[in-house]
Amino acid sequence: MSNKHNAREAILDTASRLFFTQGYHATGLNQIIKDSDSPKGSLYYYFPHGKEELVLTCINRTSEMVSQNLRHYVEGEDSPAQAVQNFILSMAREAEESSFEGLVPFSFWVAVETSCVSNELRTACQCVFKDWQDVIAQRLMKDGMQEEAAVGKATVVVSLFEGALLLALTCRNVQPLVAAAESIPAILA
């Protein structure tokens with residue numbers, strides 16, 4: 001990996017962590033530069049349009065990571081309900097193993113806070129939720145569910161997951177995620 005790639009990745013890793021833990025407005029470019037140990041010129045070289053371009057890249061990157069993880073479960077399990085349950089339970093394990101550090105529901109800081117910054121960021125956030133819902137809906141339709149029902153149920157599942165993650169992090173307890181996982185078979189029936 002080249003130094004240029006390392007600098008860009010360090011900036012993205014640091015910015016993602018700060019945006020997700022402090023929020024968009026509380027995170028400054030100088031803090032990202034300092035915490036990533038990157039020269040100031042690097043940030044502007046990779047993200048010439050500044051903070052909004054950087055957060056957009058972080059949003060898209062996070063969305064793709066979560067989508068890939070969700071796809072892994074959806075494609076690897078016999079039933080959509082089992083796939084979603086295992087996905088949620090994996091988040092519960094990750095939360096416990098990390099002592100609830102670094103896990104933030106996408107909706108909590110990013111979607112709520114950045115959607116009012118610009119139409120481009122709001123659209124990106126809408127796409128994140130739609131991508132996650134599509135992964136679930138496609139599997140439900142593959143298993144014979146009608147499209148309208150599949151899309152509706154996928155929306156409920158993503159809402160449930162995000163809400164359960166918010167409660168789990170607030171309470172520092174995985175019980176809301178476990179309860180969400182247990183309710184999936186009834187929702188997807």
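How many aromatic pairs does a search of the whole structure find? The search finds five aromatic pairs, where rings of Phe, Tyr and Trp (its six-membered ring) pair if their centres lie within 6.5 Å, and planes under 30 degrees apart count as stacked, over 60 as edge-to-face and the rest as tilted. The model is predicted, so that local features need pLDDT of at least 70 and side-chain atom pairs count only at pLDDT 80 or more, while totals for chains, interfaces and linings use all residues. Residues are numbered from 1 along each chain as its sequence is written, and side-chain values use heavy atoms, with hydrogens and water left out.

**View 1. The stacked pair of Phe19 and Tyr24.** The two rings lie 5.9 Å apart, centre to centre, with 25 degrees between their planes. Phe19 is buried at 2% relative accessible area and Tyr24 is buried at 9% (buried: under 20%, exposed: over 50%, partly exposed in between; 1.4 Å probe, protein chains only). The charged end of Lys51 sits over the ring of Tyr24, 4.5 Å from its centre (NZ of Lys or CZ of Arg within 6 Å of the ring centre and within 35 degrees of the ring normal).

View 2. Val135 is buried, with 10% relative accessibility, and, leaving aside residues up to four places away in sequence, touches Ser67, Leu70, Arg71 and Val74 (heavy atoms within 4.5 Å). Val74 and Val135, 61 residues apart in sequence, have a C-alpha to C-alpha distance of 7.6 Å.
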